Amino acid sequence: MDDLILYIGNKNYSSWSFRPWIALTAAGISFEERLIQFDFPAGNPRIREVSPTGRVPILYHGAVRVWESLAIIEYAAELFPEAGLWPADRGARALARAVSLEMVSGFRALRGACPMNMRRPKGELVLPEGVMDDVARIETIWRELRAHSGGPFLFGDFCAADAMFAPVVNRFDIYNLIGNADTLGYMDAMKGHPAWGKWRKAALAEPWIVPEDEA
Ligand SMILES: N[C@@H](CCC(=O)N[C@@H](CS)C(=O)NCC(=O)O)C(=O)O
């Protein structure tokens, strides 16, 4: 089989890169990562050379090109059906896809006001309207799914839906958005995952600062 190559952005800031990266890593799928730095005020022209959208992540597999974080995870799940990227049960799988798509298409207030930033010391922000509504919906998703599965992850074992929410765990953490013990329990499970630790360690070692993501 051709090698998988995943182009990503800075590990400190690139929340969309983090999602397929942690999904594939947690599932034990081997891939080569190629990091394209965000250190240009107007965007790095090298991203446009590898990706038709001018955005990362993008996966290369032989002649196949897959952009969009969730499409990358779906492609990997088809290539490696035994890797357990999605829950085995059809109903659970549908639910996992539904909440993953809520993440892709929603929570704009939270995403806009509270950028992922692995290096940022904890500290509160003045939050625009809508952010705490997003937080409440996400906490409900996490609480209901973990109550049903028994945890520690949304569907028991770590799966693609957890990968889609991984950057949110960082946002809740660094901006002190959460006081609820159940949500904190999920966040601890995520932050204790070896794949999270690997990404974070690399993020902390990066030298690049992106001022617009330093909330
Ligand atoms: N919907 C896309 C979003 C991709 C995206 O916005 N990527 C950002 C990095 S997190 C990017 O490449 N930004 C580069 C730029 O705007 O110059 C996905 O899910 O992959």
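How many nonpolar, polar and charged residues are in the lining of the largest pocket? In this predicted model, that lining has 14 nonpolar, eight polar and seven charged residues.

Let us start with the pocket itself. The largest pocket holds about 920 Å³ of space, and 29 residues line it. Lying nearest its centre are Ser14, Trp16, Phe38, Arg55 and Val56. Two helices, α1 (15-26) and α5 (108-113), each contribute at least two residues to the lining. As background, empty space is found by rolling a probe the size of a water molecule over the atoms.

Now to the ligand. Which space does the ligand take? The answer is the largest pocket. Around the ligand are Ser14, Ser15, Trp16, Phe38, Gly43, Arg55, Val56, Pro57, Glu68 and Ser69. Sorted by class, this shell has four nonpolar, four polar and two charged residues.

| Residue | Protein atom | Ligand atom | Distance |
|---|---|---|---|
| Arg55 | side-chain N or O | oxygen | 3.0 Å |
| Val56 | polar backbone atom | nitrogen | 2.7 Å |
| Ser69 | polar side-chain atom | oxygen | 2.7 Å |

On its own, the ligand has 520 Å² of accessible area, and the protein covers 77% of that.

The backbone around the ligand also deserves a look. Pro57 is itself one of the residues around the ligand, and its place is in the loop between α2 (45-50) and β3 (58-61).

Glu68 is another member of the shell. Is its phi positive or negative? Glu68 has a positive phi of about 75°, although it is not a glycine. This residue sits in the loop that runs between β4 (64-67) and α3 (69-79).

A further cis peptide bond links Gly151 to Pro152, with omega about 0°. Here Pro152 belongs to the loop between α6 (131-149) and α7 (160-174). For context, most peptide bonds are trans, and most residues other than glycine have a negative phi.

Definitions and conventions: Residues are numbered from 1 along each chain as its sequence is written. This is a predicted model: local features need pLDDT of at least 70, side-chain atom pairs count only at pLDDT 80 or more; totals for chains, interfaces and linings use all residues. Side-chain values use heavy atoms; hydrogens and water are left out. A residue is near a molecule or strand if one of its heavy atoms lies within 4 Å of it. A polar contact is a pair of N or O atoms within 3.5 Å; within protein, one must be able to donate a hydrogen and the other to accept it, and residues adjacent in sequence count only if both atoms are side-chain atoms. Accessible areas come from the Shrake-Rupley method with a 1.4 Å probe; for residues, only the protein chains shown count as cover. On a 1 Å grid over the protein atoms alone, a cavity is a set of points where a 1.4 Å probe fits but cannot get out, and a pocket is an open set with protein on both sides within 12 Å along at least five of seven lines; lining residues have an atom within 4 Å of a point. A molecule sits in a cavity or pocket if more than half of its atoms lie within 2 Å of its grid points. Ala, Val, Leu, Ile, Met, Phe, Trp, Tyr, Cys and Pro count as nonpolar, Asp, Glu, Lys and Arg as charged, and the others, Gly among them, as polar. Grid points are joined across faces, edges and corners, and a volume is the space filled by probe spheres set on the points. Helices (H or I, at least four residues) and strands (E, at least two) are DSSP runs, numbered from the N terminus.
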